[in-house]
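Let's take a walk through this model together.

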Amino acid sequence: MSSRKKNILKVIILGDSGVGKTSLMHRYVSDKFSQQYKATIGADFLTKEVTMDGDKVATMQVWDTAGQERFQSLGVAFYRGADCCVLVYDVTNAKSFENIKSWRDEFLVHANVSSPDSFPFVILGNKLDVEESKKVVSNRAAQDMAKSLGNIPLFLTSAKGSINVDTAFEEIARNALQQSQADADAFEDDFNDAINIQLDGEPSSCNC
Amino acid sequence: MINAERRRSMAERRPSTLNRSSFSAERKSSIAVVPHLAGIEDPLPETTPDTVDVVLVGTGLVESILAAALSWQGSSVLQIDSNSYYGDTSATLTIDQLKQWVQDVNKSNLKCYENAKLHISSNIGRGLYKSREFGIDLSPKILFAKSDLLSILLKSRVHQYLEFQSLSNFHTYENDSFERLTNTKQEIFTNPSLPLMTKRNLMKFIKFVLNWETQAEVWEMYRDKPVAAFLVDKFKLEKAQVYELIFSIGLCYNIDVKTPEALQRIRRYLTSFDVYGPFPVLYSKYGGPGELSQGFCRSAAVAGATYKLNESLVSYDPDTKIAIFGDGSKVGVTEKVVIAPTQCPENSRNVPKQKYEVQRLTCVVDKPCSEWFGEGEYSSVVVFPPNSLKSGNRQAVQALIMGAGSDVCPTGTSVWYLTSTESGPRGEMDLDAALGALEESIMRESSADIENDEGIMEVDNSGHMTLNSVKLGQSFKEYIPREKLQILVKLYFKQLTSTPPFEVVDSSIFDINEPVGSELKKLIPGASDNGVLYTPLPSAEISYDEAITAARMLFQKIVGSDDDFFDLDFDDEDEQIDESAVVDDDEDDKMNMTLDVEMSVEPVDFAGEMEI
């Protein structure tokens, strides 16, 4: 699938309900870069300028599942054109950890990416802030899983405690950018031909 | 910071709804316009809610628009679909999904469809093409640039989930060749094949039709008469122009279409022209209504609706107001259950009669068909007026051609959607004849021989080589193609609908369970669908024009008024634009302005103007 739009990186966040997908993206976008975020209401998608070495390179759109993951009801359009897929589990929830692989497979089935083997995923183990006794997923198990799925970068994070979130998203942005450039190279002759239907004076009335 | 100020729902903002008994006070306080922040709050329950305002069964375009409208209005919505994908009657399917769909139709598992026949070339099975490289629409549609759906797409911001491309080439098939439509003022003036008198009459008509309603004195006498008579009598137009106006510009199926309906349809095309550029019509990439359905469902989800695919309705009891689902779960319904006829529960007795037929022939061919597209475009419409085909067709056949650039099929191929409103075996014959005509034309046009024929190439005044379509048409008649077109996929099916051709929605289908006076209409004992509302199935209409009308009617039935129908303003966006514009004040900050600008990429040039 060709890259969606020039200079826009689409990042989607997958994982079981309640692992903290929405709060992670809100923490990332609204905390450190609060001056730059553009939130849509509800949990739709957030956008943020991505800078590398001090230069702005792209706009990252982080797409939330909007709750449609609850009954495995994400449509194919949601996955389309993603440049990076973030897989989130909750360190206090073993089931959410076991489901990481299913979410990755789900993504690969629907997203129709050009080269599934090299497509970038990032795994986040969230809720690191909770007390030790509640953690049921060991760091070791997480590392083994990340390795077995093809050396996927792994970050242990806390959206609540703001631990590791920025570091993780920097990695996500870097991966997304690389993927988008690789895609652009592969589809050189692909035109950017989408039409902007949002006019200054938007068509107000209907004549039909 | 993000949700410090939660946007109040429509129901919260409008005092007028406070007194409505159907909106309980309890619900008022718990309306969640902004979905739960999973992870901050408790995780969402793994079960469906105990009570919702509206259950929607099916995720076709009308149901999905309705879901978004209701969710943003403040109603709680549960929308289910018995399929594993979104879209139902509006779905965009891969080849594998299409195979399953055809089986379901022929096993009578799928209501309102009949006689599905599918042929798939072994090139797809053998792996030359992958199943998911294709996105085949069950009801292909085009979007007029000036239409109610387009306004709603913008208002709801669903357009952000979609990508649009333009369509400017409308061909009329006549005398064995395609004539591209002369549709702009400039083209009418510069077209050498049009006599001066015809030009003048055509301009006069175009001027009239833009404000036709206010000039009743001109058309009043033709209110119940076919538009063809009106065009000939009043504007002295000739057959070629009359046909173009009725069939290509008006996209009517039948010569008998009444004057007011036809005028409305002709104007639809003309007023849509040049809204976004020199074309009247747009379509969404990756598939038509299937993509739009998913966009509206996502919008509804953002506004708090619950989604469940692979789920069906078993029954609804209007006394207890409880709906029971296939997995055994139940939900209390405070307002209404709305069902797509294709997904009605077993033992349904109230499904509206589907009296009309839409026959479709959908082919994927191994030709890019770029010959038929405008420059930089990937799509066109070809219309076969009545009596233009070997089958002696009484109704027009409409064809929508989609190229690989629209991302619905692999490079080198294209999808041909042919539609007829003719019923019975005649419909299939007409479709076959139209397919034959398309095949012949593309084999001639894509043949290398044509380019070597000097008589056909002409140099226009800007120095470009162009094909002379008149001479092309002549040479087509003598040309016999050496190769045969390879058809990768051929799908024939018949869909039933309650919507008559040319009419938008038959609103009487919504009245089936309505109370008559103060008496509740008698419920049918044993029926599993008493007290529900049914949505209309898509009609043969090639545009999206009926979808918003149907969703709005249903919305009004459920909410009591359509005042709140997508009465949305995302005014929070403006402040943030200013904010970010200040922060990122570098030269390259075009991207920072708004999402809409970011999404826009390259605005199209406004080439021709069409002020009359």
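This is a predicted model: local features need pLDDT of at least 70, side-chain atom pairs count only at pLDDT 80 or more; totals for chains, interfaces and linings use all residues.

What pLDDT does chain A average? Chain A averages 83, and 83% of its residues score at least 70; pLDDT is the predictor's confidence in each residue, from 0 to 100. But look at residues 32-41 of chain A, where the pLDDT is below 50. That stretch still has 25 contacts in the model beyond near neighbours in sequence, a contact being two residues whose C-beta atoms, placed from the backbone, lie within 7 Å.

Residues are numbered from 1 along each chain as its sequence is written, while chains are lettered from A and ligands numbered from 1 in the order in which they are written.

Now hop over to chain B and find helix 10 (residues 227-235) and helix 11 (residues 239-249); helices are DSSP runs of H or I, at least four residues, numbered from the N terminus. Their axes sit 10 Å apart at an angle of about 140°, with axes being lines fitted to C-alpha atoms over the stretch in contact and angles running from 0 to 180 degrees between N-to-C directions. So helix 10 of chain B is oblique to helix 11 of chain B, since oblique covers whatever is left after under 35 degrees (roughly parallel), over 145 (roughly antiparallel) and 65 to 115 (roughly perpendicular). Who meets whom? From helix 10 of chain B come B:Val227, B:Ala228, B:Leu231 and B:Val232, and they meet B:Val242, B:Leu245 and B:Ile246 in helix 11 of chain B.

Methods: Helices (H or I, at least four residues) and strands (E, at least two) are DSSP runs, numbered from the N terminus.
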